[in-house]
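I am opening a page on this structure. The entries below follow the order in which I looked things up.

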Amino acid sequence: NHESASQFSANLAAVLARSGAWCSKYHHENLNPALVGTKEPKGYMVPNQTGNACQNCLDNLRECDRLQRDVDDPLDPCSECRHFGGTRCLCTLVMDNSYNDVVFDKMLASGLENAYVLPPPEDRIHAPMPPHRVKKGWVGQSREQLLAKPDFLPHGVRDCPRAFIVSPYRSCQRTGLRTSSSSPSDVDSSSLPKANSAKM
Ligand SMILES: [Zn+2]
Ligand SMILES: [Zn+2]
């Protein structure tokens with residue numbers, strides 16, 4: 001019948017959108033890949049390397065200094081986690097996600113009703129990591145320095161995120177597809193994660 005057929009195509013559209021093979025929201029002008037390069041700040045693209053930020057910084061779109069630390073030492077968290085990670089924080093580099101991909105997800109999550117504009121950054125709410133989870137002599141940015149930082153995304157990016165991102169790595173990698181909108185810098189095999197079966 002009619003209803004199950006339209007339900008089926010809606011489900012199919014959702015699956016295809018998630019797989020990166022096709023986007024069900026292509027019709028909205030703020031999701032058009034052709035926006036890349038058309039907005040200020042011209043030339044800026046959201047960083048798309050994997051393995052250069054921790055989950056906390058990715059999720060909150062904040063600059064991460066974990067890569068400049070002892071990557072193998074769990075007691076050497078990034079400055080954001082050190083001061084705002086909370087009691088259960090585990091600060092490790094994320095190998096299968098990038099700021100680009102997070103912005104893509106947040107853009108879709110903001111939804112049609114918000115014209116896919118990203119909301120302003122949220123306040124840092126968590127407490128510092130407990131002292132026993134941080135190595136003695138930890139050195140990094142102070143709480144005050146972090147609070148004084150401007151938004152990680154340059155002014156203008158939140159207003160039209162699609163103009164500053166490429167199609168996500170994860171979906172491309174899962175399906176083996178690359179859309180024609182992907183820029184050459186998107187195809188950097190050296191930074192591709194090795195396996196990604198666990199994450200959808
Ligand atoms: Zn971090
Ligand atoms: Zn961290």
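**Overall surface and fold**

I began with the surface: the protein chain has an accessible surface of about 11700 Å², and 56% of that belongs to carbon and sulfur atoms. Accessible areas come from the Shrake-Rupley method with a 1.4 Å probe, and for residues only the protein chains shown count as cover.

I noted the ground rules next. This is a predicted model, in which local features need pLDDT of at least 70 and side-chain atom pairs count only at pLDDT 80 or more, while totals for chains, interfaces and linings use all residues. Residues are numbered from 1 along each chain as its sequence is written, chains are lettered from A and ligands numbered from 1 in the order in which they are written, and side-chain values use heavy atoms, with hydrogens and water left out.

I then looked up the secondary structure, which comes to six helices and zero strands in the protein chain. Helices (H or I, at least four residues) and strands (E, at least two) are DSSP runs, numbered from the N terminus.

Of the 200 residues in the protein chain, 38% are buried; buried means under 20% relative accessible area, exposed over 50%, and partly exposed in between (1.4 Å probe, protein chains only). I also looked at contacts (heavy atoms within 4.5 Å). Among those in the protein chain with a separation of 6 or more, 76% are between residues 24 or more positions apart.

**Zinc ion (ligand 1)**

I listed the protein donors of the zinc ion (ligand 1) as Cys54 (SG), Cys57 (SG), Cys64 (SG) and Cys78 (SG), at 2.3 to 2.4 Å. Donors are N, O and S atoms within 2.8 Å of the metal (3.2 Å for Na, K and Ca); water is not among the atoms, so sites may look incomplete.

Along the chain the donors of the zinc ion (ligand 1) have the spacing C-x2-C-x6-C-x13-C. The angles among its four donor atoms are 104 to 115°, and the site is tetrahedral. Four donors count as tetrahedral if all angles lie between 85 and 135 degrees. For reference, the ideal angle for four tetrahedral donors is 109.5 degrees.

Cys54 bridges the zinc ion (ligand 1) and the zinc ion (ligand 2), which lie 2.9 Å apart. Cys54 lies in the loop between helix 1 and helix 2, and Cys64 in the loop between helix 2 and helix 3, so the pair ties together parts 10 residues apart in sequence. I checked burial: Cys54 has a relative accessible area of 0% and Cys64 one of 9%.

**Zinc ion (ligand 2)**

I found the zinc ion (ligand 2) coordinated by Cys54 (SG), Cys78 (SG), Cys81 (SG) and Cys91 (SG) at 2.2 to 2.5 Å. The angles of 102 to 117° subtended by the four donor atoms make this arrangement tetrahedral. The donor residues are spaced C-x23-C-x2-C-x9-C in sequence. Cys78 is buried, as is Cys54.

**Helix 4**

Among the buried residues of helix 4 are Tyr99, Phe104 and Met107.

**Asn30**

I ended with Asn30, in the loop between helix 1 and helix 2. Asn30 is buried, at a relative accessible area of 18%. Leaving aside neighbours within four places in sequence, Asn30 is in contact with Leu35, Ala115, Tyr116 and Arg162. The Asn30 side chain reaches the backbone oxygen of Ala115 at 2.8 Å.

Note on methods
Tetrahedral: all angles 85-135°; square planar, octahedral: opposite > 155°, others 65-115°. Polar contact = N/O pair within 3.5 Å; in protein donor to acceptor, adjacent residues only side chain to side chain.
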